[in-house]
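Me: I would like to learn how to read the features of a model like this one. Please take them one at a time, with the general idea ahead of the case.

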Amino acid sequence: MEMVAVYVDRGYRTGLGTAFYDRLVELERLDKLVFSHRTVIVYGPRGVGKSELVRYWLRGLQERGRIAAVYVDARRLRGQHLVRALETRGLLVDKKNLAERLLEVLKDLDDRSTGLLQLTYHAIDVLIDVIREYASTRIILFIDEFHLLPRYMHKSDPASKYLDALDDLEALAGLLAKDPHYSNITIVLTVSEGFTATDLVLSKLHGYSTAWMLVEHLDVDHFRALYKEYVSLKSCGVDVDEVLGLVGGTPGYLPELCMLDRNTVVEERVPMWIAEVETGLSRARNVLSAEIFRRELEPREVIRLAYELINNDIAPLREPHLHALGQILTTYNIVYPVYPRGRDGIRYKPQYPVYRTVIELGYREGVETLLDLDPHRVYQEAVAKLHGHKP
Ligand SMILES: Nc1ncnc2c1ncn2[C@@H]1O[C@H](COP(=O)(O)OP(=O)(O)OP(=O)(O)O)[C@@H](O)[C@H]1O
Ligand SMILES: [Mg+2]
């Protein structure tokens with residue numbers, strides 16, 4: 001048997017209750033980006049471990065001194081738990097204290113909803129005061145799931161919610177990049193909405209010292225080791241090859257999938273993944289028909305385009321239709337864009353292997369709608385593919 005070096009930090013507990021696995025490359029890259037940019041946006045497939053990566057990295061900062069970090073969990077903030085939403089590192093003030101000072105500022109605002117700008121502007125001011133007292137040199141403000149900040153939540157239309165969040169982000173990034181008052185602050189954001197990886201967002205933030213950091217799946221060996229520890233703590237109704245074949249190295253899926261057995265996965269969960277892809281593709285069909293092709297596209301044509309999309313690098317100028325498809329499927333969290341270094345193509349990768357299987361099987365079988373696919377076949381093909389790669 002081949003020996004593989006697995007990086008595991010048993011001194012750290014993740015949200016799953018396990019040790020922290022893998023991510024040495026990502027940690028190094030995040031470190032570089034934070035100290036060379038003012039705004040860092042961490043993006044990637046849902047559940048792969050973006051938030052945990054940044055939390056883990058923040059913890060390591062403690063040992064380096066002279067850097068203060070505040071972590072704001074927008075999900076908890078939404079639940080009005082300011083104290084629980086905050087974590088502080090390297091600040092000689094505890095989070096209760098900090099939360100009180102923040103609340104004092106926030107309560108004077110007429111609008112009770114604490115938006116990103118309100119919160120971060122005031123947080124920054126309060127933090128600067130606090131930091132000055134202790135003469136730290138650098139402040140890192142980490143906002144997890146920034147699009148979930150309360151200000152955006154009462155909007156019913158998701159698109160307008162994102163656009164508002166984007167306007168705020170643009171203003172904030174501009175401020176950090178240009179106003180010397182904020183010159184020792186870096187903001188790190190994680191977002192699980194594909195929207196943030198679209199060209200619209202990229203172009204809006206262009207020139208504001210903003211960096212994107214892509215976090216992809218855990219590698220197979222690390223994921224196997226993590227799975228092993230996880231099942232020793234809890235239990236799991238599906239085996240590791242099934243998990244890997246369906247959702248890849250996505251630790252965020254473990255709690256949900258492990259509660260199911262194989263039959264339930266095939267009969268209930270697989271149809272949901274199929275429906276997710278179908279939703280993205282039918283939206284894309286409408287948009288491409290109206291805005292690019294100017295004729296009604298056949299459903300099969302869109303499945304073929306999706307097949308082409310995930311199997312090739314896309315040149316946006318030469319292939320505007322594929323580029324548009326990639327952007328729409330990114331917004332729907334079906335794919336995510338990877339910008340290869342040194343080449344100008346974009347590769348749109350499926351967020352999970354099962355999405356790839358659905359698109360490829362749909363293409364090969366020539367179905368009218370992906371909903372006609374047999375979940376048993378999707379399951380078998382997804383899991384078999386993994387064995388094909390790893391004999
Ligand atoms: N490197 C890792 N080692 C062990 N467990 C991890 C690791 N990364 C993430 N996890 C666990 O996997 C789960 C999902 O991680 P996390 O919430 O960070 O993902 P995410 O990418 O931020 O997801 P979302 O897209 O929903 O925001 C969490 O319970 C987390 O504790
Ligand atoms: Mg997250």
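Me: Which residues does L370 touch, not counting residues up to four places away in sequence?

Reply: Contact here means heavy atoms within 4.5 Å. On that basis L370 touches I274, V277, E278, L281, I303, V358 and G362, with residues up to four places away in sequence not counted. This is a predicted model, in which local features need pLDDT of at least 70 and side-chain atom pairs count only at pLDDT 80 or more, while totals for chains, interfaces and linings use all residues. Residues are numbered from 1 along each chain as its sequence is written, chains are lettered from A and ligands numbered from 1 in the order in which they are written, and side-chain values use heavy atoms, with hydrogens and water left out.

Me: Which residues touch the most other members of the largest nonpolar core?

Reply: A nonpolar core is a set of buried Ala, Val, Leu, Ile, Met, Phe, Trp, Tyr and Cys residues joined through side-chain atoms within 4.5 Å. Buried means under 20% relative accessible area, exposed over 50%, and partly exposed in between, with a 1.4 Å probe and protein chains only. The largest core has 58 residues, and L246, L254, W273 and L370 touch the most other members. At least two residues of this core come from each of helix 10 (220-233), helix 11 (240-247), helix 12 (254-258), helix 13, helix 14 (299-311), helix 15, helix 16 (353-365) and helix 17 (375-389). Helix 13 gives the most, with ten residues. Another core, of 30 residues, lies apart from it, and L176, F195, L214 and Y336 are among its members.

Me: How many helices and strands does the protein have?

Reply: Helices (H or I, at least four residues) and strands (E, at least two) are DSSP runs, numbered from the N terminus. The protein has 17 helices and ten strands. Of its 391 residues, 52% are buried. Among contacts between residues at least 6 apart in sequence, 68% join residues at least 24 apart.

Me: At what angle do helix 13 and helix 15 cross?

Reply: Two packed helices are described by the angle between their axes and the distance between the axes. Axes are lines fitted to C-alpha atoms, for helices over the stretch in contact, and angles run from 0 to 180 degrees between N-to-C directions. The axes of helix 13 (residues 262-293) and helix 15 (residues 320-331) cross at roughly 145 degrees and come within 10 Å. On the helix 13 side the contact is made by G280, L281, R283, A284, V287, L288, I292 and F293, and on the helix 15 side by P320, H321, A324, L325, I328 and L329. By class, this contact has eleven nonpolar, two polar and one charged residues. Here Ala, Val, Leu, Ile, Met, Phe, Trp, Tyr, Cys and Pro count as nonpolar, Asp, Glu, Lys and Arg as charged, and the others, Gly among them, as polar.

Me: Which cysteines form the disulfide?

Reply: A disulfide is a covalent bond between the sulfur atoms of two cysteines. The criterion is a pair of cysteine sulfur atoms within 2.5 Å. The structure holds one disulfide, formed by C236 and C258 with their sulfur atoms 2.0 Å apart. The torsion about the S-S bond of C236 and C258 is about -80 degrees, so the disulfide is left-handed. C236 lies in the loop between helix 10 and helix 11 and C258 in helix 12, so the pair ties together parts that are 22 residues apart in sequence. C236 is partly exposed, at 21% relative accessible area, whereas C258 is buried, at 7%.

Me: What is phi of S209, and what is phi of N333?

Reply: Most residues other than glycine have a negative phi. Phi of S209 is near 55 degrees, a positive value, and phi of N333 is near 60 degrees, also positive. S209 lies in the loop between helix 9 (199-204) and strand 8 (210-214) and is partly exposed, with a relative accessible area of 28%. N333 is in the loop between helix 15 and strand 9 (335-338) and counts as buried at 8% relative accessibility.
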